[in-house]
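Q: I have a structure open and would like to go through it. Can you start with the terms?

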Amino acid sequence: MKDVLVMKNIVKKFGEGRTGVTALKGIDFKVRQGEFISIIGPSGSGKSTFLTISGGLQNPSSGQIIINDINFSNLSEKKRSKLRFKEIGFILQSSNLIPFLKVKEQFYLVDKVEKKKNEDDRINHILSSLDIFDLKDKYPRDLSGGERQRVAIGRALFNDPSLILADEPTASLDTDHAYEVVKLLVKEAHEKQKATIMVTHDSRMIEWSDRVYRMEDGQLIEEKAK
Ligand SMILES: Nc1ncnc2c1ncn2[C@@H]1O[C@H](COP(=O)(O)OP(=O)(O)OP(=O)(O)O)[C@@H](O)[C@H]1O
């Protein structure tokens, strides 16, 4: 399978001298099409920094990020955001739905940047595939936490990105809903060949992963190989 994300010797430093922190200490990492990878590790170990750098939301101090054979580090900010929009779906802890928009309208926002034809058909299709079609006219406040996360997943998948980055996507959910959301992400990864990285502090959520890494003080250590 093709490499979707390749990280080469990624270092991230914040600040200088005695008060400086090296959040990532030379990370080499790869994720291929169809792989679901979990990253666990204690608070402050560098997980969020890792995820935001993999998605090009912040720059590393040194090292290379390659997404679908394109070296992110060499791109202008404009090209980088275009590539990010096309290739990466972000799912965050708090689902980030817009409170005053109905479920189906949450998708219009994504599409504003790049207008596509048949958008209603596509929205309906994705809502059905996530089993939330009946919720399309509801507002986020009328949904359960699990349903909200499903909408957020739908929105992240809407552009058919090749890389999904999920930062603690189950943090606000009870156990049953959390399992449901993780299983859905794993299914999408395996069936639609999405490369997926999930950061989680909850070790119960990692059982369906193809690979698990532990972030420890800025270094990634592989936990188990399937
Ligand atoms: N913008 C920043 N400025 C300065 N230091 C930062 C910044 N972002 C992160 N850090 C530091 O980098 C280290 C790694 O932080 P990071 O948020 O990546 O950890 P984390 O594993 O995601 O933690 P948590 O599980 O609590 O979210 C920490 O020491 C943190 O204080």
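A: Helices (H or I, at least four residues) and strands (E, at least two) are DSSP runs, numbered from the N terminus. This is a predicted model, in which local features need pLDDT of at least 70 and side-chain atom pairs count only at pLDDT 80 or more, while totals for chains, interfaces and linings use all residues. Residues are numbered from 1 along each chain as its sequence is written.

Q: How many helices and strands are in the protein chain?
A: The protein chain has six helices and ten strands. Its radius of gyration (taken over C-alpha atoms) is 17 Å, close to the 17 Å that the globule rule (2.2 Å times the number of residues to the power 0.38) gives for 226 residues, so the chain is as compact as a globular protein of that length.

Q: What share of the residues counts as buried?
A: Of the 226 residues, 38% are buried. Buried means that 20 or more other C-beta atoms, placed from the backbone, lie within 10 Å of the residue's own.

Q: Which residues have the most contacts inside the largest nonpolar core?
A: They are Ile39, Leu163 and Leu185, in a core of 53 residues. A nonpolar core is a set of buried Ala, Val, Leu, Ile, Met, Phe, Trp, Tyr and Cys residues joined through C-beta atoms within 7 Å. Helix 6 (residues 175-192) gives the largest share of this core, six residues.

Q: What is Ile39 in contact with, leaving aside neighbours within four places in sequence?
A: Lys47, Phe50, Ile197, Val199, Tyr213 and Met215. Contact means C-beta atoms, placed from the backbone, within 7 Å.

Q: New topic. What is the strand order in the open sheet of four strands?
A: The order is 2-1-4-5, with antiparallel pairing. Two strands pair if DSSP finds at least two bridges between them. Strand 2 and strand 5 (70-71) are the edge strands, each pairing on one side only.

Q: How many bridges join strand 1 and strand 2?
A: Nine, in the antiparallel sense, with strand 1 covering residues 3-14. Ile10 stands opposite Ile27 in strand 2.

Q: And the ligand: how many residues surround it?
A: There are 13, and the closest are Phe14, Ala23, Ser43, Ser48 and Thr49. A residue is near a molecule if its C-beta atom, placed from the backbone, lies within 6 Å of it.

Q: Which elements supply at least two residues each?
A: Strand 2 (21-32) and helix 1 (47-54) do. Helix 1 has the largest share of the shell, three residues.

How values were computed
A residue is buried if 20 or more other C-beta atoms lie within 10 Å of its own, exposed if 12 or fewer, and partly exposed in between; C-beta atoms are placed from the backbone. Two residues are in contact if their C-beta atoms, placed from the backbone, lie within 7 Å.
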